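Dear colleague,

Please find the structure below, handed over for your records. My notes on what was found in it follow.

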Amino acid sequence: MFNTDQTENEIKLLKYRKNLITSGWAVVAFCVWDIAKVVMSLLLKSTYTLDLANTYHTDDKPLFFFEVFFTVVLFAVIIYFQIYAGVSAVAVGKGKKKGVGYLVISVLLLIVTVVSIVFSAASIVVSSIGTMQGVSFDTAFAGIILDLTLGAALIDLLGSSFKVRRLSRAGEAGDK
Amino acid sequence: MQEDFHYYATYAAAILAGYNHEESAAICYSAQFVDLCTRTFLTRVKGPQNAATTQLQLELMDAPTDAVGLQDITRIWASFHFLPYDLYAEKPHTSKRYLRKYRLICGPNGKLTEDTVALAKGSSLQAAGLAMHVLADTWAHMYFAGTPSLVINNTEAHFYEIFPDGSEKQIRFRHTTSPDDVENGIYTASIFQSSENSIMNLGHGRAGHLPDYSYIRYKYLPAWGGYREIIKDNPGDYYNAFRQMVHAMMYLRGETTEFKTDHYDGTRADEHSDRIHGIIEKRQISASEDWKAFGESLSGRTIPDFSVETYIDEYMNAPEEEKKETFLGRFFTAALAQKSMVTNRIYASGSKLAGYSVAQKKERVNE
């Protein structure tokens, strides 16, 4: 029935490769959430954003646009990193690629995600005591849930990557 | 399995087991008829609806997949096409819900196979044919379950054909109505549906027709296998199925006194081993012509082409009290007995996946 040539190591390796592929695609899919989050924030807080722009002195308007431009670029970089990490994880899972670049990026993304969760939680707390405007509890709470899920996907991606590397090395050592 | 094996190969096995041409024709007709006795057909001939032994694709599309609907589907498919191997199998760290489905996984040489053959003993030729269909399918359809279940019946991209020289090629399934392209290894399978009880996850739909092609060897990851590869050797399994049919029919004829699982006819079939292996291993979608030629060479008679119309008039024109003695009437009786037996066994194992068993429930009430 079962393939008797398949060792326990190979079975585990197959399992973690499949995990890696799933986590990789999950990380890529969460880009959709990231983009939606930003768009929703801008739409919901559009008045707030305009008011913010208007608080800048006329001479400082270029500063405002520079800050906006920088934010957009930063956001685009994060999205690119996310797609790169996810696609690379999928490629490693399929055995088509080796390398650690995507792992470094995944760690950075995890840090960004944790910071996002912390800030969202803080915004809920602060808005509940009425010192910050323009923060919706529902949006922040939904954001926390989804960021937690993204965090879980990134942790699974990292864990599966390390397991794949370790099992692959063990397999190669066994072959020698 | 398909017509080539259920009809023509069963005929050949019946001849080798010692049945004459007419008896073998009745047996093989019944074996093939299991794949055609649908509720639509029964409505047409005004036969008992509960005697349905299969469901058309259109019937499945219309079938509800609520609890009662699933029980109805499971009763048919588990009884006739995916006979469970071990209704008391254990698997650690699983929920009861999962275990009940896991226990429906089909496999040859199980207790239910023994019970199926025993049920046909002393009964009609139609019962013998029905039993041969069920027995043969335990070999082809092993590792799949006759209930819609993603967690049991799903497959995925890790699916490779193994060629005689040992090389492997990944099989890519498509989801069209085009026929399978055997030469280029392009096969059709059901679409992935994430819903656990989707009809797409019934039986071996996710592996397409591969279990029904006698020539192919392949390896894949079954959903229940914990990332362990299954190697399916259809040529070997089909040969064992043939030999086991001969063994079973020799028992049904009374030539031997016992039918034992894990036992195969070692003489009569093996005399024709080269020819049978040649038929089984030929890379073709249907081996009907080759099996037919083999069967006719054994009996010296012509095997009539299968037609679902053959016995309809006899059944429909018979008076009500005599319908049971007609060809179809005997088949319906055998089908009801088989379905009742398997449903009882599944219910007795503690699973309601095939529904409640009336006979079993009465016994419990009387306890």
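**Findings**

B:Lys46 counts as exposed, at 65% relative accessibility; exposed means over 50% relative accessible area, with a 1.4 Å probe and protein chains only. This is a predicted model, in which local features need pLDDT of at least 70 and side-chain atom pairs count only at pLDDT 80 or more, while totals for chains, interfaces and linings use all residues. Residues are numbered from 1 along each chain as its sequence is written, chains are lettered from A and ligands numbered from 1 in the order in which they are written, and side-chain values use heavy atoms, with hydrogens and water left out.

B:Lys46 has a positive phi of about 60° although it is not a glycine. Its place is the loop between α3 (39-45) and α4 (57-62) of chain B, helices being DSSP runs of H or I with at least four residues, numbered from the N terminus.

B:His93, also not a glycine, has a positive phi near 60°. This residue lies in the loop between α5 (67-80) and α6 (96-102) of chain B and is exposed, with a relative accessible area of 84%.

Turning to the interface, nine residues of chain A are in contact with 12 residues of chain B (heavy atoms within 4.5 Å). One salt bridge is found across the interface of chain A and chain B, by the rule of a Lys or Arg side-chain nitrogen within 4 Å of an Asp or Glu carboxyl oxygen. A:Lys18 forms a salt bridge with B:Glu156, their closest N and O atoms being 3.0 Å apart.

Yours sincerely

Note on methods. Helices (H or I, at least four residues) and strands (E, at least two) are DSSP runs, numbered from the N terminus. Buried means under 20% relative accessible area, exposed over 50%, partly exposed in between (1.4 Å probe, protein chains only).
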